[in-house]
Structures are given as C-alpha cells and as structure tokens.
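Opened the model today and went through it piece by piece. My notes follow, in the order I looked things up.

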Amino acid sequence: MRRLTLVVNGRSRAVEARDEDLLLDVLREQVGVTSVREGCGVGACGACTVLVAGASVSSCLALAADYDGAEILTVEGLGEEDPVVAAFVAAGALQCGYCIPGFVMMTHELLSERPSPSPAEIREHLAGNLCRCGTYFEITEAVAAAARRRGGG
Ligand code: FES
Ligand code: FES
C-alpha cells in the first residue's frame, strides 16, 4: 500500500493504493466521486472519463499510483450553473444518465481546445464515448449549446 494525495475537485485527498489499484476504483471507493463510472473497463466507452490537468483520462485504464499529486476534475466539481451541465439538462441529453458524466468531461476538454467546434469536430471528439440509450442527437445539440453558453459557438 502506498499513501497518495489526489487533488480532486480542488480538495486534497489522502488515499491509499496498491500498485495495481485503478484510479477509477480509488476515486469511487476512497474519494466518493460516484459520477466516475465503470462501463466497459477496457477504455472503450468513456463512462469513466476524468480530466487530469484539463486532459481526459480513462480512469479504468489508469493506475492510481501514477497520479500522486495530480489535479483531477470530475462532474462533482462542476456546479449546476456550469455551462456544459446546464446545456445537457436544457437539451434533455440523457435518459438513464449513466454515460453523461463522461460526455460532460469530454465536452469540457473539447471546448477548452476549440471554443466553437463544428458538428464534425463534436462527433469526432466524442467518438470514444458510448451511450446505450442512444441520446447522441441530444448530446451533440447540448455540446453546441454549451459552446454558445461559454461565449463560443
Ligand atoms: S469504463 Fe473506462 S472506458 Fe469504459
Ligand atoms: S443516457 Fe443512458 S447510457 Fe447514455
């Protein structure tokens, strides 16, 4: 066991992890951020996506031990007034909601890189995120609306 510090949503959290422990499990079980979800467990669905220093990471593939001191952002770190969250809610871009935190984090990454993405750029950036409920149309609309809310688009 190693003692690590993760800076999750702006708060330093002391955790303990074996070398093989996944960031996904440590975030859920020790930090309590349950928006970080396991879908596939093999890096193919995006449900477990978090941002580390602003860049997306599949936490189901990441070893917690590699993230000592890292700044990690999850949906819990965004308020309801967050433009991406607000746009997803306004667009009705969810059914069961299981996949949505991953889409929201990927949208934040996209809009920080491209404030006014084209529909093709939105689809390309979110291509690794799967939604079993098939809300892709509403999600694409929500991302475009989020760009406008942030002053891009
Ligand atoms: S659970 Fe990590 S990508 Fe699917
Ligand atoms: S809203 Fe249900 S999996 Fe996407």
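I started with Ser35 and asked which residues it touches beyond its neighbours within four places in sequence. Ser35 is in contact with Ala47, Thr74, Val75, Glu76 and Pro101, contact being heavy atoms within 4.5 Å. Ser35 sits in the loop between helix H1 (23–31) and strand E3 (49–52); helices (H or I, at least four residues) and strands (E, at least two) are DSSP runs, numbered from the N terminus. I noted Ser35 as buried, with 8% relative accessible area (buried is under 20%, exposed over 50%, partly exposed in between, with a 1.4 Å probe and protein chains only).

Housekeeping: this is a predicted model, where local features need pLDDT of at least 70 and side-chain atom pairs count only at pLDDT 80 or more, while totals for chains, interfaces and linings use all residues. Residues are numbered from 1 along each chain as its sequence is written, chains are lettered from A and ligands numbered from 1 in the order in which they are written, and side-chain values use heavy atoms, with hydrogens and water left out.

Next, the sheet. I found five strands in an open, mixed sheet, ordered E2-E1-E5-E3-E4; two strands pair if DSSP finds at least two bridges between them. E2 and E4 are the edge strands, each pairing on one side only. E3 and E4 pair antiparallel over four bridges, and Leu51 stands opposite Ser56 in E4.

Then the helices. H1 lies across E1, E2, E3 and strand E5 (71–73), at about 115 degrees to E2. H3 lies across E3, E4 and E5, at about 35 degrees to E3. Axes here are lines fitted to C-alpha atoms, for helices over the stretch in contact, and angles run from 0 to 180 degrees between N-to-C directions.

Most residues other than glycine have a negative phi. Asn9 has a positive phi of about 50 degrees; Asn9 is in the loop between strand E1 (2–8) and strand E2 (11–17) and is partly exposed at 26%. Ala53 also has a positive phi, near 50 degrees; Ala53 lies in the loop between E3 and strand E4 (55–58) and is exposed at 73%.

Last, which elements give two or more residues to the lining of the largest pocket? I got helix H2 (83–91) and helix H3 (100–113). A pocket is an open set of points on a 1 Å grid over the protein atoms alone, where a 1.4 Å probe fits, with protein on both sides within 12 Å along at least five of seven lines; lining residues have an atom within 4 Å of a point. Phe88 and Pro101 are among the lining residues.
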